[in-house]
Amino acid sequence: MTTHGGFEPVFCTVVPPHILDRLARQDDPALSAPAHRTLVRDSELRGRRRVTTEFALASAPAVTAPSERPLRTVHDAEHRTRLPGTVVRREGEEPGRDATVNRAYAGLGATFDLFLKAYGRHSIDGDGLPLDATVHYDVDYNNAFWNGEQMVFGDGDGEIFLDFTLPIDVIGHELTHGVTQYTANLTYYGQPGALNESMSDVFGSLIKQYSLGQTAAEADWLIGAGLLAERVTGVALRSMKAPGTAYDDDVLGKDPQPATMDDYVRTGRDNGGVHINSGIPNHAFYLTAVQLGGHAWERAGQIWYDVLTGGELPSQALFTDFAALTEKAAAERYGDGGDEHEAVRKAWEQVGVRTRRAKL
């Protein structure tokens, strides 16, 4: 397990702060109140993250024999904020009446399956880490997050966001933050932070594609499809196929993600634009996967996984560092100059990232 000198305490949410900021400024209290409450809650949780991460990692129980099956526990916060809440479903128990609980349970399992069956990884930490989740968190909470220990899902406000367990890629996205935490440990600011977010979008999308048996051509490449309420003019939180087109709404504004370095956004907000500039590496992965065809989790996903877990990716990696390592990984696994290597090289070229290819 690569930790690069210790874990970086990061509180990772699926809804970017810039969306919640805009909602909190609306005149309609049905929109502004839940967004403001979510921002305040996220700020409090982000402040606690360093302590909870350090102590949780130090005291986490060891799993000596990783299983081929997940160890899931779903809790119900009952619209309060105390974690983890009341246990409502354990591993192996039959589905209950609460669809949110059942979706969370299934999403944890789908994430476990993709990492195990495609990459031979046993759970988030590679060593059989139990998968815990809490649903029905707070009141009208407009987010889902990974806090270094577990997944947490809000129910949404019903006006802009629906239940956060609805899109399976949101579940996979947040759990992949845990994989990154236990491997490359990418710093959550600027380009390394955007790479951190992109890794979660990539594998979140792959988890959805794997669970549906879709090829790269069949996939929608949307993150959070089904999460936006009917009143919103948009299809998802982000699009890997066409960054910047996921929504264009009177309330939310227009999706700000760039697809190439020509439109790279320089900002001090959102940890240096981690949810915005992630559109660039997201698009590079999409281009690679579509060029290679077939199931994206196989060749394209394997290359990205090799880089994330290979131990060479620095915690403060820039896009150029990551691109170079994907070229190197493609050449090492599939052959220098092969279809995979060429697909990776061309994808980064199309999004305007110079690869500065790492030496083999």
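Okay, quick definition to start: helices here are DSSP runs of H or I with at least four residues, strands are E runs of at least two, and both are numbered from the N terminus. This is a predicted model, where local features need pLDDT of at least 70, side-chain atom pairs count only at pLDDT 80 or more, and totals for chains, interfaces and linings use all residues. Residues are numbered from 1 along each chain as its sequence is written, and side-chain values use heavy atoms, with hydrogens and water left out.

So, helix α9. It covers residues 319-334, 16 residues in all, and reaches 22 Å from first C-alpha to last. That's close to the 22 Å expected at 1.5 Å a residue, taking 1.5 Å times one less than the number of residues.

How many of α9's residues are buried? It's 12 of 16, so mostly covered, where buried means under 20% relative accessible area with a 1.4 Å probe, protein chains only.

Now over to α8, residues 299-309, and its partner α3, residues 99-119. Their axes, lines fitted to C-alpha atoms over the stretch in contact, with angles from 0 to 180 degrees between N-to-C directions, come within 11 Å and cross at roughly 95°. That makes α3 roughly perpendicular to α8, a label for 65 to 115 degrees. On the α3 side you've got Phe115, Ala118 and Tyr119, meeting Gly301, Gln302 and Tyr305 in α8.

Methods:
Angles under 35 degrees count as roughly parallel, over 145 as roughly antiparallel, 65 to 115 as roughly perpendicular and the rest as oblique. Contact means heavy atoms within 4.5 Å. Buried means under 20% relative accessible area, exposed over 50%, partly exposed in between (1.4 Å probe, protein chains only).
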